[in-house]
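Here is a short briefing on one model. It covers the sheet, the helix packing and the ligand shell.

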Amino acid sequence: MKFELVRVLDDAGRVVHPEREPAIPAPELRHILQTMVQNSLLDEKLLRFQRQGRIGFYLTAWGEEATLVGPVWALRPSDWIFSCYREAGAALFRGYPLRTLLCQLYCNAEDPVKGRQLPVHHTARALNFVSVSSVVGTQIPHAVGMAMAAKLSGRDDVSLVYFGDGATSTGDFHVSCNMAAVRKAPCVFFCRNNGWAISTPRSAQTITPTLAQKAVAYGMPAVLVDGNDVLALAHVTAEAAARARRGEGPTLIEALTYRRGAHTSSDDPTVYRDPAEPREWECRDPIRRFRSYLEGKGLWNADEERAFVQKCEQEFAALVAEVESLPAKSPPATMFDDVYAERPWHLDEQFVELDRELRRHKA
Ligand SMILES: Cc1ncc(C[n+]2csc(CCOP(=O)(O)OP(=O)(O)O)c2C)c(N)n1
Ligand SMILES: [Mg+2]
């Protein structure tokens, strides 16, 4: 079972498959690069913030930036994104405000999820970017459910679900693929194969040569794509989304990339992997490749990049100053919000009790 690795660009950013090159208007091409650059910068700053004790937890997507943006470019804003913890950049690309992203990381009084989630587990209802679950693979059946709901209600929305190579070993992945294929759910399964699931290498995850081939048993098409080629990702996702919208069902996309950093700020990969491995992937950097492509088209240059980075730095510094001056936490009584439309009697009692305790301790 052979899968061709779909590419548009070579490692130097030259177009090697013009027939696959998506027609992306110049401002959008620039926005794609800018989001990738911004994400990488944010990773650098925010990991440092975690080390300084300013935020409790963080994780980076170094080397995987193309996967955050290419697939999302291929969707309509009304399509749904179910992500895992590594795709905050996908929300940023859709317009998730950086200030909100920071408030969530600080779990402060303006955190939209009121401190109920781990940092970097974002949710942006207005952007159809669904709340992130830490539990590996659980977002996959959610995405299929949303796709089926869209189909049953006559909307042509598509659901795209991100998951890692590790998630393909969960039961949720398999039941979701099967059900989506049987019901022709308009779903795009986007597997970000970055080679590692914390300390478990891809080779210990499954004995099959590809993850893409898992789709065959469920009767759905699959593609293997260069996950560091943002144009190839846009191309294959556009095809999968169009297929889903035509009522032809799901597609599994396996995007080959590499997790250059640690799993999270709580992980130390030097204890389980050869430090030469991430270095080998540096030459396949998705940002450098796409930057060369844009430079070749006369749409980007070093001065513009310098100015953009400077703008990001200034915006970040201003927002951090603002966010760090906000109250540190949501008020405790907010724990009663957002579950019931009308608060039931037993929670009313607990609310009164909490209020009494808070007053007593304040005094
Ligand atoms: C059901 C479940 N099992 C184990 C974990 C612990 N865990 C968190 S992330 C992770 C690895 C997931 O790897 P992968 O799906 O490849 O995504 P990546 O982190 O590489 O982006 C594991 C095992 C969990 N959160 N949920
Ligand atoms: Mg992985």
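Which residue of strand 4 does F82 stand opposite? F82 faces V161. This is a predicted model: local features need pLDDT of at least 70, side-chain atom pairs count only at pLDDT 80 or more, and totals for chains, interfaces and linings use all residues. Residues are numbered from 1 along each chain as its sequence is written, while chains are lettered from A and ligands numbered from 1 in the order in which they are written.

**Sheet**

- An open sheet is formed by 7 strands in the order 1-8-9-5-4-2-3, with parallel pairing. Strands are DSSP runs (E, at least two residues) and helices are runs of H or I with at least four, both numbered from the N terminus. Two strands pair if DSSP finds at least two bridges between them.
- Strand 1 (5-6) and strand 3 (129-130) are the edge strands, each pairing on one side only.
- Strand 2 (residues 80-82) and strand 4 run parallel and are joined by 3 bridges.
- Helix 9 (residues 230-245) packs on the sheet and touches strand 1, strand 5 (187-193), strand 8 (222-226) and strand 9 (251-256). Its direction makes about 170° with that of strand 9. Contact means C-beta atoms, placed from the backbone, within 7 Å. Angles run from 0 to 180 degrees between N-to-C directions, and axes are lines fitted to C-alpha atoms, for helices over the stretch in contact.

**Helix 5 and helix 6**

- The axes of helix 5 (residues 139-152) and helix 6 (residues 171-183) come within 8 Å and cross at roughly 15°.
- Helix 5 and helix 6 are therefore roughly parallel (an angle under 35 degrees).
- Helix 5 contributes I140, P141, V144, A147 and M148 to the contact; helix 6 contributes D172, F173, V175, S176, M179, A180 and R183.
- By class, this contact has 9 nonpolar, 1 polar and 2 charged residues. Ala, Val, Leu, Ile, Met, Phe, Trp, Tyr, Cys and Pro count as nonpolar, Asp, Glu, Lys and Arg as charged, and the others, Gly among them, as polar.

**Helix 4 and helix 12**

- Helix 4 (residues 98-106) packs against helix 12 (residues 302-324) at about 50°, with axes 10 Å apart.
- L98, R99, L102, C103 and Y106 of helix 4 meet E315, L319, V320 and V323 of helix 12.
- That contact has 7 nonpolar, no polar and 2 charged residues.

**Ligand shell**

- Ligand 1 is surrounded by 15 residues (C-beta atom, placed from the backbone, within 6 Å). The closest are V136, G164, G166, A167 and A197.
- Strand 4 (159-164) and strand 6 (196-197) each supply at least two shell residues.
- The shell divides into 7 nonpolar, 5 polar and 3 charged residues.

Conventions:
Contact = placed C-beta atoms within 7 Å. Parallel < 35°, antiparallel > 145°, perpendicular 65-115°, else oblique.
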